[in-house]
Structure formats: C-alpha cells, structure tokens
Amino acid sequence: MTIRPLIILPDPLLREVSKPVERVDDALRKFAGDMLDTMYDAPGIGLAAIQVGEPLRMLVLDLAEKDEEPQPRVIINPEIVASSDTRSVHEEGCLSIPDYYAEVERPGEVTVKYIDLDGKEQTVEADGLLATCLQHEIDHLNGVLFIDHLSKLKRDIVVRKFKKLAKDRPPARMAG
C-alpha cells in the first residue's frame, strides 16, 4: 500500500517533533513497508514517518542506483551521536517541497545510533550521500526542513511560492 506524502509547507504537522517508537512489532514493520512503497513510488531516496502523517521517530531510505538491487533501510529512533567538523555540500530536494532543489551544507560525516526492524540497536558511520540523507530525514523528525538551512531570503522565496500554490490549489476530495 502506498501512502500519499504530505506536500506543501508550512504544514504545522511537518514542523512537529516526532515521538520515539516504543515497540517494534508487526504493525510497525507493515508501516515501514508502506513507507518504502511510498518512497519508491514518489520517487525518492528517503522518507520520514512525519511526512506521511505519523509523528514517529522512524525513517526509510534507499540509496541504490536505478540499475542496482534495492537496498532498503528502516531506521527507528535515530540519534546523531557524532558529526565531523568537515563540511559537505549536496543538492537536496524533498517530497514535502516538490520540484525545489538547493545546495545545503551539513557535516560531511555522522555517526547515527538507531534500532532496526528486529528491535536491535545499530550504529552506522556515514559520509557522502548517506550522511546527507540521514541528516535530512532526522531533521524532519525534529521539525526541521532542508530549507531551514538556506539563507532567510531563499527560504522566504520558497515559502511564499508554496503558500501561493497551496492557496490556488482546489481542496482535495475524499474518495469513497
């Protein structure tokens, strides 16, 4: 089942700080699978639970290239426990802010502790795109969007654009 990501900021829900996952069970595993389906359908390389309306500290990602076998990851209750002083710049986009991309500077390397789908603690030391993706999705869990890392001028332009789009868009209808 694909879940439709929340789109258009500044949705207050996207600014909500997510709650820790208390228990890894079959319902959470199913939700993780649904999140992966949604991410692949979008298409995207990462998705935080808050982006689909669940304020839980969980994210999914897959950085495999199109010609590679999928490498899905489910990361529960992530915590950045170390980050490097070296900086890295990557162009970022977001399923919550469609068709907008900007270069964002972040720590080049991070160490993240998390729980996997078996309920076991894991640690990943990441650099490059993985470090950027982890920080981007963890930001979502903390109520931060990638545009918050931009200059005030650039951020204000994006917010105005998406507020206008939201205002001009007809209300969504429920099927049924």
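Predicted model: local features only at pLDDT ≥ 70, side-chain atom pairs only at ≥ 80, totals over all residues.
Colleague: What volume does the largest pocket have?
Modeller: Rolling a probe the size of a water molecule over the atoms shows where empty space is left. For the largest pocket, the volume comes out at about 920 Å³.

Colleague: Which residues of the lining are closest to the centre of the largest pocket?
Modeller: The lining has 33 residues. By class, 17 of them are nonpolar, eight polar and eight charged. The closest to the centre are Pro43, Gly44, Ile45, Gly46 and Leu95.

Colleague: Let's turn to serine 96. Is serine 96 buried or exposed?
Modeller: Serine 96 sits in the loop between S4 and S5. Its relative accessible area is 0%. Buried means under 20%, so serine 96 counts as buried.

Colleague: Which side chain does the side chain of serine 96 join in a polar contact?
Modeller: In space, serine 96 is 9.5 Å from leucine 47, C-alpha to C-alpha, though the two are 49 residues apart in sequence. The polar contact goes to another residue, at 2.9 Å. That partner is glutamine 51.

Colleague: What about serine 88: is it buried or exposed?
Modeller: Serine 88 belongs to strand S4 (residues 87-94). Its relative accessible area is 19%. The cut-off for buried is under 20%, so serine 88 still goes down as buried.

Colleague: And which side chain makes a polar contact with the side chain of serine 88?
Modeller: Leaving out residues up to four places away in sequence, serine 88 touches Val104, Glu105, Arg106, Pro107 and Gly108. The side-chain polar contact, at 3.4 Å, is with histidine 90.

Colleague: How many disulfides does the structure hold?
Modeller: A disulfide is a covalent bond between the sulfur atoms of two cysteines. Cysteine 94 is buried at a relative accessible area of 10%, and cysteine 133 is buried too, at 5%. As for disulfides in the structure, the count is zero.

Methods:
Residues numbered from 1 in each chain as written. Heavy atoms only, no water. Helix = DSSP H or I, 4+ residues; strand = E, 2+ residues; numbered from the N terminus. Buried < 20%, exposed > 50% of the residue type's maximum accessible area, 1.4 Å probe, protein only. Polar contact = N/O pair within 3.5 Å; in protein donor to acceptor, adjacent residues only side chain to side chain. Contact = heavy atoms within 4.5 Å. Disulfide = S-S within 2.5 Å. 1 Å grid on protein atoms, 1.4 Å probe; cavity = no way out; pocket = protein on both sides within 12 Å on 5 of 7 lines; lining within 4 Å. Points joined across faces, edges and corners; volume = space filled by probe spheres on them. Nonpolar A, V, L, I, M, F, W, Y, C, P; charged D, E, K, R; others polar.
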